[in-house]
Amino acid sequence: MSDVLTVTDFSVDYLGEQTVHAVRNVDLTLGRGEILGLAGESGCGKTTLAYGINRLLKPPAVITSGKAVLHSREGTDIDLGSLTGEELRAFRWDRVSMVFQGAMNSLNPVISIRAQLEDIFSTHRPAMSKADRRTRCGELLERVGVDRNRLKSYPHELSGGMRQRVMIAMAMALEPQIMIMDEPTTALDVVVQREILLEITRLRDELGFAVLFITHDLPLLLEISDRIAVMRAGELVELAPAAQLYNSPQHAYTKLLLGSFPSLTGERAAG
Amino acid sequence: MTYYLRKLGFYVVALWAALTLNFFLPRWMPGDPVDLMIAKLAAKGPVSPEIRHSLELLLGTDSSRPIFLQYVDYLNNVAHGDLGVSVTYFPQTVSTTLADTLPWTIALMGIATIISFAIGILLGQLAGWKRGSWLDNLIPVTTMFQAVPYFWLALVLLYLLSSVAQIFPTGGGYDVNTVVPGFNLPFLRSAVYYGTLPALTIVLSSIAGWMLGMRNMMVSTLSEDYIVTAEAKGLTRRRIMTTYAARNAVLPSLAGFAITLGFVVSGSIITEQVFSYPGIGMTLMSAVQNSDYALMQGVFLVITISVLGANLLVDLLYAVIDPRTRARA
């Protein structure tokens, strides 16, 4: 499996009276079409790492070392740190798209779903005709299991699960090579969560994009990811194939994480 | 559709309530316009009881009729645009007086308010988008203009720009000596020239509120998740600022704008006094000074209708720009 993203020695600091080292010297590779899970407790730097890779960090966050290189389908290497202004804008979503943590609030409340989907095409594919745009937006929604008629709806008229599906449809719009999903199912109940996860894996199989899946929910990752990276206090403590991580965790923290989820079978925990 | 009908129904009821209050309030107040007119006439010669009766009929204060019938007559007259006869501008009717003065006020105050809102929102949007830029330093300056009493600001500007520098005329609505009111270019040009200074004072004194409000809403909107989404989507900066940030940030200001528009008519009293502007504020002043009840009632009616009208307008506009307020039938 060839790689699509290489992150080397990546560090992010939040400057302040007391500088916080949010991400420390992270090395990571993401294979083409792979689902890489990134697990860790709240505040361990998962989201900061994801934002850092896509250059979405705002002051006081500073990338202090390292780089993220995207190996595009066409065979060119793009160092994300070297992109600025217009290049960076054009790069975003086209190569790397994101589904955010607060999916409930990730959609602009005052414009329709169609306008928000079409925005992507009119910005990134200005040559596309209006009719093509319309059809494409309809297709995208249907692909994630939302009725085409929902295009004219506004975010407040959709349920949480539907909004998240719309976000995923949006993330697929330009057929990116990487999709970063930052806790995409955290706010949803387990049934809807499951549906969406199945959807993501199905779409990944169809379209072949790589997924960096961020969550604090380790059992969920064990189920869907190819490999899992465990993060703690800004450092990557373990990176292994899902089955291996589950069966023989190396790092003490990984064992702790695995142990902190109740098992449905076996003995009841003491206490 | 039912949404709009329901809204409209609400405004009809509000208008009726306002008209009823408008009818009863002056009748509960002390003082009688007929006595007042008779006192004026008596200065010129003897007044017979017949004159008194005809004045009562003329002013619609025929005290021999039961009040309920007077109320019905009043509603009927209002519906026909008959608001009685003005004592101050006797024998002109109230409707004619209002028709003469209202356009001045609406043009001056309306345009000034819209300009102030537009500039304030635009500057506030930019100041919020680029926090810490020079625009942020402009805010205390504009706030100062809003903080000083309006009449004082107007008088100072009038003194500096009309008396000392003589750039603008000292008062009036147009040049009465050279142009004829009507729809012709010299008149319009003159009216714009005479209206510029009053409009400037209004804009200066009200822009800070819009700017500060919009800036702060912009700042809090920028931390919303959908702004990060828009950025990650690779949209242009301009599009993020307008369609994603400003579009959401402007909603509270727009509600404020509705209220301000409603007070365009009543808020013009001081401006028109300072600049001797021939609008409805001046009319209200002289109506109060002369105990001209019919005219006062007429002005209050206009104020009521303008407040209701402005609110209706923004209600409808709000439904267009904020889909969440639209109730789906």
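Author: Gladly. In this predicted model, S7(A), helix H6 (residues 190-207) and S8(A) make a right-handed β-α-β unit.

Reader: What makes the unit of S7(A), H6 and S8(A) right-handed?

Author: The test is to point the strands away from you and follow the path from the first strand over the helix to the second; clockwise counts as right-handed. The path from S7(A) over H6 to S8(A) is right-handed, so by that test it runs clockwise.

Reader: How do you know that S7(A) and S8(A) are paired, and in which sense do they run?

Author: Pairing needs at least two bridges. Five bridges join S7(A) to strand S8 (residues 210-215), and the two run parallel, so they qualify as a pair. Within this pairing, Met179(A) stands opposite Val211(A).

Reader: What makes strand S6 of chain A a partner of S7(A) as well?

Author: The cut-off is again at least two bridges, and S6 (residues 96-99) and S7(A) have four, in the parallel sense. S6(A) therefore counts as a partner too. Here Met98(A) stands opposite Ile180(A).

Reader: Why is S7(A) called mostly covered?

Author: A residue is buried when its relative accessible area is under 20%. Five of the five residues in S7(A), 178-182, are buried, so each falls under that cut-off. Both faces are covered, with Ile178(A), Ile180(A) and Asp182(A) on one side and Met179(A) and Met181(A) on the other.

Reader: Turning to chain B, how do you know which kinds of element it has?

Author: Chain B has 13 helices and zero strands, so a run of α from the N terminus on describes its elements. Of its 329 residues, 45% count as buried, by the cut-off of under 20%.

Reader: Now the second largest pocket: what makes H9 of chain B stand out in its lining?

Author: H9(B) gives three residues, the largest share of the lining. Helix H9 (225-232) and helix H10 (237-262) of chain B are the elements that give two or more. The lining has 17 residues, and those nearest the centre are Lys58(A), Arg131(B), Leu222(B), Ile227(B) and Glu231(B). The pocket's volume is about 440 Å³.

Reader: How do the lining residues divide into nonpolar, polar and charged?

Author: There are nine nonpolar, one polar and seven charged. Asp, Glu, Lys and Arg count as charged, so Lys58(A), Arg131(B) and Glu231(B), among those nearest the centre, belong to the charged group. Leu and Ile count as nonpolar, so Leu222(B) and Ile227(B) go with the nonpolar residues.

Key: Residues are numbered from 1 along each chain as its sequence is written. Chains are lettered from A and ligands numbered from 1 in the order in which they are written. This is a predicted model: local features need pLDDT of at least 70, side-chain atom pairs count only at pLDDT 80 or more; totals for chains, interfaces and linings use all residues. Side-chain values use heavy atoms; hydrogens and water are left out. On a 1 Å grid over the protein atoms alone, a cavity is a set of points where a 1.4 Å probe fits but cannot get out, and a pocket is an open set with protein on both sides within 12 Å along at least five of seven lines; lining residues have an atom within 4 Å of a point. Grid points are joined across faces, edges and corners, and a volume is the space filled by probe spheres set on the points. Buried means under 20% relative accessible area, exposed over 50%, partly exposed in between (1.4 Å probe, protein chains only).
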